[in-house]
Amino acid sequence: MLLFLIRFLEKGFQLKVPSVFNYSSTRMLLAALSALVITIFCGPFFIRKLYELKIGQPVRSAKECPVLAELHKKKGQTPTMGGLLMLFSLLLSLVLWMDFASPFTWILLGVSLALGLIGAFDDFLKLKYKNSRGLRARTKFVWQVLIAALVGCYLLLNEGSQKALLGKKPPVAKEMVQGKMVLLSSQEYTQRLYLPFYKEPLKIGGWLAFLLVVLTIVGSSNAVNLTDGLDGLAAGCLVLVGSLMALVAFLSNNIEISRYLNILYIEGSGEIAVYLLALSGAALGFLWYNGHPAQVFMGDTGSLALGGILGLAAVLLKKELLLALIGGIFVIEALSVILQVAYFKLRRQRIFLCSPLHHHFEYKGWAETKVVLRFWIVGLLLAIIGLISLKFQ
């Protein structure tokens with residue numbers, strides 16, 4: 001919105017506005033700062049309202065998980081749906097600093113709102129019925145797949161259809177081929193799979209590309225949701241992963257740097273960087289209140305939406321496998337649940353004492369803060385490896 005105002009003043013009134021505000025690098029930092037300040041400033045008022053409305057977090061019953069019920073019994077009165085605060089800060093920062101002429105802005109905005117609504121309805125049902133079940137897993141999954149499928153269909157359309165749908169110029173992507181940057185069509189851009197540490201992209205078919213889009217968005221959304229089980233765990237990981245993905249988006253927006261690093265050049269991907277740093281700023285501000293002992297939980301409202309944004313950004317940047325690497329904590333948490341459920345159905349036995357994995361360590365006697373801190377450290381190591389992969393490919 002401010003970018004639109006600046007351009008309006010320059011063209012309509014011939015006013016000279018510092019050009020620095022047109023740079024995505026400037027808007028990235030301002031978006032992060034705005035989201036951080038808004039979250040911290042609005043936090044006390046928001047938390048107080050949640051307490052007044054008695055929107056407490058339902059915990060697992062003693063019948064389901066007796067150890068967890070005992071460990072987390074004090075959290076039953078802590079308000080949830082803090083994701084509303086994060087999304088408010090994120091979207092307000094978007095309105096201030098993103099370019100609404102970019103198709104990336106509208107795609108990110110649409111997916112954020114859609115997944116946020118699913119999460120909010122899930123949290124509402126948990127509060128209404130005073131249990132931790134909420135929306136049926138199958139129903140939630142179907143809606144997530146539908147949203148991701150719409151994104152996949154849009155990306156696989158040709159340039160003319162994309163422009164007709166959003167009324168905006170579709171993304172321009174260029175790939176390094178024999179020392180030259182070659183323009184890719186919309187389908188070619190979508191049907192690429194880039195592996196960390198590997199120079200040449202893999203070319204995949206249309207259906208496989210579509211499935212990859214759905215798997216990445218839905219998988220990332222649910223993985224962050226599963227990680228959000230201890231004070232500050234998911235928020236801290238979101239700051240880390242969001243910031244690094246923002247860096248990748250910024251590098252992909254520069255044709256010379258893209259050529260040097262041998263990564264895909266995506267015109268306008270600086271807007272993705274602006275959005276991701278706003279996400280990181282909102283998550284960092286939320287961590288101010290979500291750190292142990294938490295004053296508020298993000299709930300599915302935040303975790304489903306923010307996780308989905310990470311997945312969508314990875315799809316748009318063609319860095320799906322890089323996200324799996326730097327977001328390894330999210331992947332491990334999701335895999336621990338999948339393995340636990342599958343093994344129990346097959347053998348009627350459990351691999352872990354409790355899943356997701358962070359609860360396994362709680363069962364072993366680790367303090368909550370110890371689990372969170374060590375998961376953050378592992379997440380940082382994975383992020384460093386992911387950053388190294390950009391240089392070595």
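This is a predicted model: local features need pLDDT of at least 70, side-chain atom pairs count only at pLDDT 80 or more; totals for chains, interfaces and linings use all residues.
Residues are numbered from 1 along each chain as its sequence is written, and side-chain values use heavy atoms, with hydrogens and water left out.

**Exercise 1: the sheet**

Work out in which order the three strands of the open sheet sit.

Step 1. Start with the strands themselves, which are DSSP runs of E with at least two residues, numbered from the N terminus (helices are runs of H or I with at least four). Strands pair if DSSP finds at least two bridges between them.

Step 2. β1 (residues 173-177) and β2 (residues 180-184) pair antiparallel over five bridges. One spot to look at is Val 177, whose bridge partner in β2 is Lys 180.

Step 3. β1 is also joined to β5 (residues 265-266) by two bridges, again antiparallel. Here Lys 174 has Tyr 265 as its bridge partner.

Step 4. Put together, the order is β2-β1-β5. That leaves β2 and β5 as the edge strands, each pairing on one side only.

**Exercise 2: two buried residues**

Decide whether Leu 287 is buried or exposed, then do likewise for Glu 333.

Step 1. Leu 287 belongs to helix α12 (residues 270-290). It counts as buried because its relative accessibility is 19%.

Step 2. Leaving aside neighbours within four places in sequence, Leu 287 is in contact with Gly 232, Ala 235, Gly 236 and Trp 376. Gly 236 is 51 residues away along the chain, yet the two C-alpha atoms are separated by 6.9 Å.

Step 3. Glu 333 is in helix α15. At 0% relative accessibility, Glu 333 is buried too. Not counting residues up to four places away in sequence, Glu 333 touches Thr 227, Leu 233, Pro 356, Leu 357, His 358 and Phe 375.

**Exercise 3: the core**

Find which residues have the most contacts inside the largest nonpolar core.

Step 1. A nonpolar core is a set of buried Ala, Val, Leu, Ile, Met, Phe, Trp, Tyr and Cys residues joined through side-chain atoms within 4.5 Å.

Step 2. The largest one has 97 residues, and Leu 238 and Ile 272 have the most contacts inside it. Helix α10 (residues 233-252) gives the largest share, 13 residues.

Step 3. Take Ile 272 and skip its neighbours within four places in sequence: its contacts are Phe 104, Leu 108, Ala 249, Ala 313, Leu 316 and Leu 317.

**Exercise 4: the cavity**

Say which residues line the largest cavity.

Step 1. On a 1 Å grid over the protein atoms alone, a cavity is a set of points where a 1.4 Å probe fits but cannot get out, and lining residues have an atom within 4 Å of a point.

Step 2. The count comes to one cavity of 30 Å³ or more, and the largest cavity holds about 40 Å³ of space.

Step 3. Its lining is Tyr 194, Leu 195, Pro 196, Lys 319, Leu 322, Ser 389 and Gln 393.

Terms used. Buried means under 20% relative accessible area, exposed over 50%, partly exposed in between (1.4 Å probe, protein chains only). Contact means heavy atoms within 4.5 Å. On a 1 Å grid over the protein atoms alone, a cavity is a set of points where a 1.4 Å probe fits but cannot get out, and a pocket is an open set with protein on both sides within 12 Å along at least five of seven lines; lining residues have an atom within 4 Å of a point. Grid points are joined across faces, edges and corners, and a volume is the space filled by probe spheres set on the points.
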